[in-house]
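I opened my notebook for a first walk through this structure. The entries below follow the order in which I looked things up.

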Amino acid sequence: MGYNFTIDQGNTAAKVVVWNGNEIAEVACYRHLETSHIEELAAKFPPVAAIYCTVVRGGDDIVDCLRRLCGRVIRLSAGTPLPVSIGYRTPASLGLDRVADVVGAQVIAPGSWVLVVDIGTAITYDVLSPEGVFVGGNIAPGVFMRLEALNHFTARLPLVETDGDCPDWGYDTDTALRSGAIRGVVAELEYYRSQLPADAKVILTGGAVDLLAPYVKFPVIIDHHLVPKGLNSILRYNENI
């Protein structure tokens, strides 16, 4: 039996997911992804196909390693055939992780309006139509970036941790900063949700999703593996064309 590998190389870490069809067999996260990590996983789960998505430069060594280990390898690019249509006017500049997020949303909620919110270093708000069109989206600073910017660009504001009390209204400098960052993102989320039809679904993903989710007042779907689901869907789609 062969497996599919999906690799999502983000700004701060890489996630490798091993798939048996549409089921996850293994998840491994690495601060610095090395070819030895791929080889170790391949010894346990022999791959037949793999897809590599990166938002940073480099990665040729990882792709070369994958090509040695399995017969079919896709390095996701603006030219890769997709199971969704791209309505973005500049598809070549579109972040590939955003593409994978939206394809993952189609897997979870086909035929629906979907707001996909990926909460990481930056936050992306992307919209998928019921017809499977990536309509477009917005990019904003993430929670950590907001706190770091407030510290960096002011003379006296401290750098505060995200853990801690987060009241509606801050009662000291730390809580004012923390609540301003966290609840500010929640307010953004509520605004973007209000711009879509009432029956639209909202999917939250990304490294900081658990930080924000407790403050959201409307139903959401939380999926920590949305990008890998999208990548696996793209890989399987290209198997049939």
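I started with Trp19 and looked for its bridge partner in β3, which is Ile24. This is a predicted model, so I kept that in mind throughout. Strand β3 covers residues 23-30, runs antiparallel to β2, and is joined to β2 by seven bridges. I then checked the turn. β2 and β3 form a hairpin with two residues between them. Gly21 sits in that turn with a positive phi of about 70 degrees.

I picked out Phe5, and its bridge partner in β2 is Val18. β1 and β2 also form a hairpin, here with four residues between them.

Is β2 enclosed or open? I found that six of the seven residues of β2 (residues 14-20) are buried, so the strand is largely enclosed by the rest of the structure.

Then I turned to aromatic pairs. I noted a count of four. I traced where they come from. Tyr3 lies in strand β1 (residues 3-9), and Phe45 lies in the loop between α1 (35-44) and β4 (47-54). The two are 42 residues apart, so I wrote the pair down as a link between distant parts of the chain. Both Tyr3 and Phe45 are buried.

Tyr191 has 47% relative accessibility and counts as partly exposed. Tyr192, at 21%, counts as partly exposed too. With Tyr125 they form one aromatic cluster.

Beyond its neighbours within four places in sequence, Leu189 is in contact with Leu115, Val117, Tyr125, Val202, Leu204, Val216 and Phe218.

I read the order of its six strands as β6-β9-β8-β7-β10-β11, an open sheet with mixed pairing. The edge strands are β6 (85-86) and β11 (221-222), each pairing on one side only. I checked β7 and β10, and they pair in the parallel sense over five bridges. Val117 has Leu204 as its bridge partner in β10. α4 packs on the sheet, where it touches β8 and β9, and its direction makes about 30 degrees with that of β9.

My last stop was Gly136, in strand β9 (residues 133-141). Gly136 counts as buried at 12% relative accessibility. Leaving out residues up to four places away in sequence, Gly136 touches Tyr88, Tyr125, Asp126 and Val127. I also took one distance. Gly136 and His152 are 16 residues apart in sequence and 31 Å apart in space, C-alpha to C-alpha.

How values were computed:
Residues are numbered from 1 along each chain as its sequence is written. This is a predicted model: local features need pLDDT of at least 70, side-chain atom pairs count only at pLDDT 80 or more; totals for chains, interfaces and linings use all residues. Side-chain values use heavy atoms; hydrogens and water are left out. Contact means heavy atoms within 4.5 Å. Buried means under 20% relative accessible area, exposed over 50%, partly exposed in between (1.4 Å probe, protein chains only). Rings of Phe, Tyr and Trp (its six-membered ring) pair if their centres lie within 6.5 Å; planes under 30 degrees apart count as stacked, over 60 as edge-to-face and the rest as tilted. Two strands pair if DSSP finds at least two bridges between them. Axes are lines fitted to C-alpha atoms, for helices over the stretch in contact, and angles run from 0 to 180 degrees between N-to-C directions.
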